[in-house]
Amino acid sequence: MTLTREQAPPVVRKPVGERRRRHDGLATTLMVAPATVLYVVMLIVPVGLALYLSLTDWDGFSADPAFVGAANYVTLLDDPDLRRAALVTLLVAAAGTAGLNLLGLGFALLVNGASRANTFFRIVLFYPHVLSALVVGFLWSAILGTSGAVNNLVTTWGGAVIPFLSDPAWATVTMIAVLVWAGFGVNVVLYLAGLQAVPHSLVEAARIDGATRWQVFRNVTLPALGPSVTVNIVLSLVTLLKTYDLVVSLTAGGPAGQTQTVAYLILWNSFHDARLGFGSAQSVLLMLVTAALAFVVTKLRRRGELAVHQ
Amino acid sequence: MRSPRPSLALPAIGCLLVLTGCGGGGFAGDSQAQQSEGGPVSVRMLVNISPNLTQTYWDDLVKPFEQANPGIDVKIEAPTGKGVADTLPQQLAAGNAPDVVETLMADETLAKQMLDLTDQPWAKDTPLAEQAKLGGRIYSVGVGVQAQSLVFYNRAAFDKAGVKEPPQTFDDFESAMGKLKDAGYLPLQTGGDFLTGLQLLQLSNPSRAQTHPTWQQDVKAGTIKAGESLQPYLERYQGWIDKGYVDKNALGMKYADAETAFLTGKSAMYVMGSWFTASEAKADKDFEVGVFPAPVDKGQTYPGPQGATLAAPYMVLKSTPNKDAALKLVQWLVTDPEAVKSQLAQDGNFRTGVEREFTPLEKQVQEILDNAPSGVPQGEGYGDATLPKGFNSAWNTEVQGLYVGKSPKEVAEGVDRWLAGRS
């Protein structure tokens, strides 16, 4: 039996708009897929594995870690080492973020503008960031150690040894200072980029109205830099919360474990003490705290920016 | 393990976990232990790199073995982490374990991943093979013995201070420190890093071994507390800090700085293991260095048992696909006379029956070893006498507390709290 034209089902032609949408959807999926795969493999999978391992007693060697439930989390809540490291980390993050941003913004204002001298100083300011944190740590430990260059000089002149790395308070301050020295070049660059976006007309208008340099900075430049300040604070905070390599090379967590950060403790517990399950639980906790702090800071900053604009 | 978006923290752990998920697995049960057929076999050996044991030294050491075994290519690998102890678990997790590992001793955790060497006829004749047994099995074989409880001293400083004989008891030791201080020397060189705790363990071994001959086993069994039993030594150390016999800013000195300070004549005594003789031999100095066994308490036998650890211990990983070649290499490293002599000389270690050219200081160390009534494990220990992994570091951190205001009792309690958390 053959179908006549009249008997055949009517061909339903999709509207052009729908076909284009489907085509666009496919193209979007294909373009997003590589990034999604990378994101899943490099971020979601490790986080998932960390979560899983945090519920086990894996020592890093055995093939069959035992499931221990929330035991690692219970232990870490009562861990005096973690409490001490958390305090040190928060101190480093808070003081370091302040230092990085104050110096970053200050020097960005100083070297803002096109001139050969400014280009030279920008390179000089950024240079410490190029060095590996391990190198920076060993370098400063050779300078500031008990038998280091500075103390040699001081004792040669008859002075007493300055306990840069041998006294807990001094060592913490030294570590923060070195972190700021090694990192503020990045903040300078970010603030310089922000300063380029400040409308020159606004600055000009304020000056014509008789505003002083401080008034121009306080009322025009700084509010316009709002988004840059937010980015700088969040980046500094997140970076400092995971301080590890400089601790290894500068203080090795000492004296008496007083400069151990949470990240240092995680690596130490995981690999040195062969407690990867416990270290994973600490990692998960650090991840949550970091995410929460970054979220809160971003929210607060946005609220502040909005208030300025209104 | 980890590292989510906002923190992006701990790339090392993140990589490890990614690799854990994607790697082929380095565990014994997962790997295909197959000897390559035909063609050269590559044996990867993870080694400790130090000022004495450089990458070049290791490469040169294994050259004669490669020449004698043209089918075997030995690849020396330096640690990628802080040391061998940190690097091995990362490699295992990444499915990239070496065939042979040097420096580590088998404990209950590591032994599961290592080849049992008990049936190798050459293994039982290696140094400390019996003492390092774990559950009656041999997993680690070493080149020699490191004497731990030695006090190196500046003879010129002793002469100037009027210290006629090396002290034998802790009371004599303290009296000598007083004289040395009066003579203008820093009596005892200490330091930060891992040195603080290590030195006190080394110094206390001969005395502690007489009070508690099976200290590690007793601590493990819970019949004594580690911190409490070592508190008398912590109290002495506190006294030395208070009296200025050690530098109160010593924690700001790294290991190498402390060694240099002693070798440049700034301090009069330096507690260290026998490997220090290698550094002393290379140093350019204008005084003679002597050595005596660590002192003991009044009424105890002198010299006491000497702290002894295995020098250059080797283990073969169970997962190695080149088992025969790896075993052959390890056998050669611990039994070939030239290889043994070279390793002993390079890192200042000793082995009974092995004749080599000694420096005057090495001769004295060999005599101390010969005269010691026995060798005892130190700190974390080895074999069946092993305390939980990380004990030495925890001890070190706590001992450093003496410099920053903690009392000996608080330090002892801190050590015991750490152990209780690991039991």
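**Chain B and its partner**

Author: One caution before the questions: this is a predicted model. Among contacts in chain B between residues at least 6 apart in sequence, 76% join residues at least 24 apart. A contact here needs heavy atoms within 4.5 Å.

Reader: What makes chain B as compact as a globular protein of that length?

Author: Start with its make-up: 16 helices and 11 strands. The radius of gyration of chain B is 22 Å, and the globule rule gives 22 Å for 423 residues. The two values are close, so chain B is as compact as a globular protein of that length. Along the principal axes, its C-alpha atoms fill a box of roughly 70 × 55 × 40 Å.

Reader: Why do residues of chain B count as buried, and what share do?

Author: Buried means under 20% relative accessible area, so a residue below that cut-off gets the label. In chain B, 59% of the 423 residues count as buried. The accessible surface of the chain is about 16,400 Å², with 49% belonging to carbon and sulfur atoms.

Reader: How many charged side chains does chain B have, positive and negative?

Author: There are 38 positive and 50 negative side chains in chain B. The centres of the two sets lie 4 Å apart.

Reader: How do you know that chain A is in contact with chain B?

Author: The test is heavy atoms within 4.5 Å. By it, 57 residues of chain A are in contact with 48 residues of chain B. About 4,200 Å² is buried between the two chains, and carbon and sulfur atoms give 69% of that area.

Reader: Which residues of chain A lose the most area to chain B?

Author: A:F61, A:A256 and A:F271. Together they account for 18% of what the chain A side buries.

Conventions. Residues are numbered from 1 along each chain as its sequence is written. Chains are lettered from A and ligands numbered from 1 in the order in which they are written. This is a predicted model: local features need pLDDT of at least 70, side-chain atom pairs count only at pLDDT 80 or more; totals for chains, interfaces and linings use all residues. Side-chain values use heavy atoms; hydrogens and water are left out. Helices (H or I, at least four residues) and strands (E, at least two) are DSSP runs, numbered from the N terminus. The radius of gyration is taken over C-alpha atoms; the globule rule is 2.2 Å times the number of residues to the power 0.38. Buried means under 20% relative accessible area, exposed over 50%, partly exposed in between (1.4 Å probe, protein chains only). Accessible areas come from the Shrake-Rupley method with a 1.4 Å probe; for residues, only the protein chains shown count as cover. Lys and Arg count as positive and Asp and Glu as negative; His and the chain ends are not counted. The place of a charge is taken as NZ of Lys, CZ of Arg, CG of Asp or CD of Glu. Buried area is the accessible area (1.4 Å probe) that two parts lose on being put together, summed over both.
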